[in-house]
Amino acid sequence: MKKTHLILLTIVLLFSCASDEGPGYQEPYIPNSNNPVIEPLTDQELMDLVQEKTFKYFWDFANSPSGAAKERYHPNNPSLNQNVVTTGGSGFGLMAIIIGIERGYITRDQGIQRLTTILDFFETADRFHGAWPHWIDGASGQVIPFSHEDNGGDLVETAFLAQGLICVKEYFKNGPTQEQTLANQADVLWKGVEWDWYTQGQNKLYWHWSPTNQFALNLELKGYNETLIAFILGAASPEHSITNSVYTEGWASNGSIATAETQYNIPIILDHAGSGTGPLFWAHYSYLGLNPTNLSDQYANYWTLNKNHTEINYAYCVDNPLNYFKYGSDCWGLTASYSRNDDGTIGYLAHQPGNDIGVISPTAAISSIPYTPEKSLAAMQFFYSKSDILLGPAGFYDAFSPKDNYWVADAYLAIDQGPQIIMIENYRTGLIWNLFMQNQEVQNGLNTLGFNY
C-alpha cells in the first residue's frame, strides 16, 4: 500500500469509517420551498468575504494558550479537542496571519504579538531531531500521539510549518528591532530541523521518527503526493541538508515518477502514487509558498501538473459518472476532508475520482483558484448561493453532500481552511509566493535539486 494511503487510512480510523454506497446510489432529494434569497456578490466581493471569514479560523478560533491553529473546530461543540494543535495547520496559520495584516483584518502590532506567542510555543514544544509531531498539546507543548507508533517527529507536518516560518522571516526581516527579532526566531526554528536524520543514511526521506519506536512506521516519502516541499526544504537547510540523490532516487524513483497516462485526454504527467490523480490537496499544500508558476525540473512543469490535476478533477465532476445530484460545472471539487458516514455522522475520506461518495469539499475548488480561476469562482458563487447552510463563522463548512438533501459537515479543519485564504491571496497578489521564493536558502535548495523557477 502506498505511503499516503497509509496516512489517510490512519486518519480515517481516527475519525470513523467512511460511507460505502454503491455507484449511482441516490437519496431522494427533497427541495426546500422556503429557500432564502441570497443577494449576489461580485467575484471580488466574494473573494474578500471568503478570505476574511476563513481568517477567523486562525485568529478568533485558534488555540488559546499557544495562539496556534487547532486541528479542528466544531462551532456546535467548541470545546472538542480544544488543545489539539496541528503542526502543519499552524504553518498555514502563520501565512494567514501575514495576509490578515496586509488585508487590514488585524493591525501589524496585533499580528506581531500573536506570531510571537506562536513561535514561543513551537520553540519550547516537543521536537524530535528538530521535527515537531503531527499533534501537540497547546497547553503543555507535549506530543499528542497521532497513532500508537506515531508519537514523535512528523517530517511532512514540519515541512508545512517551516514553509510558514520562512514567510514570517521574509515578511519581517527588514523591519524595526522587534520585527527583526521575530524574523530571526522564525529562521532559527526552521533551520533546526534535522532533515538529514530522517534519511536513515539512505537516499530517501522518511516521514516519522519516534523516541520509543524509532523508524518503525518506515513510511518513505515518495512522489507524487503532497510531500514535495519536504525535499526542497531539506535541500535548502544550511546545516542539515539532503543531497540531490535523495530527491532523484527517493522522491522521483530514478525517473519512474513520470507517466504518459491521461484522464479525460488530459496528461497526468507524474504518477500520483498509483491513484490516478489523487485528492486535490496534493496541488495545494506544497504550493502555498512554493510558486509553481514557472517551476520545472527534469520530471515535470509543475504549473501544468497542478493545472491538469485540477482540470481532471473538474472534468470528472462535470462528467459525473456516478450520476450524483448537483455535480457539475459550478459544483465540483474532491479532496480529503470531513465526509458523510452511512448513518449521517461525520467521518473522513480522501475524496477523489475513483473514491467518490457524492461529497463536495469547498476547499478543493476554492484553493485551486490560481490554476482554474473561472471554474473556481463559479464554484465559489454556487457555494455562496447556499450560504444559509454552507457558510459558517470561519468560512464555508468543510464538506457537504447535495445528494443527501444537502447534508453538511458543519465543522472545520485547519488544513482545509488555510489553503483557501492563502491561494486566493496568491491568485490576487502573489504575496505568499513572493515571500517564500525570495528566501535565499529556498533558492539554494531549488538549485541543488535542479529546479528552474
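Is glutamate 311 buried or exposed? Glutamate 311 is buried, with a relative accessible area of 16%. The close-ups below come from a predicted model.

**View 1. Lysine 375 pairs with glutamate 311 in a salt bridge.** The closest N and O atoms of this pair sit 3.5 Å apart. Lysine 375 belongs to helix 11 (residues 373-385) and glutamate 311 to helix 9 (residues 302-319), so the contact ties together parts that are 64 residues apart in sequence.

**View 2. Arginine 428 reaches aspartate 48 through a salt bridge.** Here the closest N and O atoms are 2.9 Å apart. This one links distant parts of the chain: arginine 428 is in helix 13 (residues 414-428), aspartate 48 is in helix 2 (residues 43-59), and the two are 380 residues apart. Arginine 428 counts as partly exposed because its relative accessibility is 23%. Aspartate 48 is partly exposed too, with a relative accessible area of 32%.

**View 3. Arginine 340 and aspartate 404 meet in a salt bridge, N to O at 3.7 Å.** Arginine 340 lies in strand 9 (residues 336-340), and aspartate 404 in the loop between strand 13 (399-401) and strand 14 (407-409), so their side chains tie together parts that are 64 residues apart in sequence. Both arginine 340 and aspartate 404 are buried.

**View 4. Lys169, Asp187, Lys191 and Glu441 form one network.** What holds this group together is a set of salt bridges that share partners.

**View 5. A cis peptide bond runs from glycine 223 to tyrosine 224.** Its omega is near 10 degrees. As a reminder, most peptide bonds are trans. Tyrosine 224 is in the loop between strand 6 (208-209) and helix 7 (228-236). Asparagine 218 also lies in the loop between strand 6 and helix 7, and its phi is near 55 degrees, a positive value in a residue other than glycine.

**View 6. Isoleucine 269 has a positive phi, although it is not a glycine.** The angle is about 80 degrees. Most residues other than glycine have a negative phi. Look for isoleucine 269 in the loop between strand 8 (266-267) and helix 9. With a relative accessible area of 17%, isoleucine 269 is buried, since the cut-off for buried is under 20%.

Technical notes: Residues numbered from 1 in each chain as written. Predicted model: local features only at pLDDT ≥ 70, side-chain atom pairs only at ≥ 80, totals over all residues. Heavy atoms only, no water. Salt bridge = Lys/Arg side-chain N within 4 Å of Asp/Glu carboxyl O. Helix = DSSP H or I, 4+ residues; strand = E, 2+ residues; numbered from the N terminus. Buried < 20%, exposed > 50% of the residue type's maximum accessible area, 1.4 Å probe, protein only.
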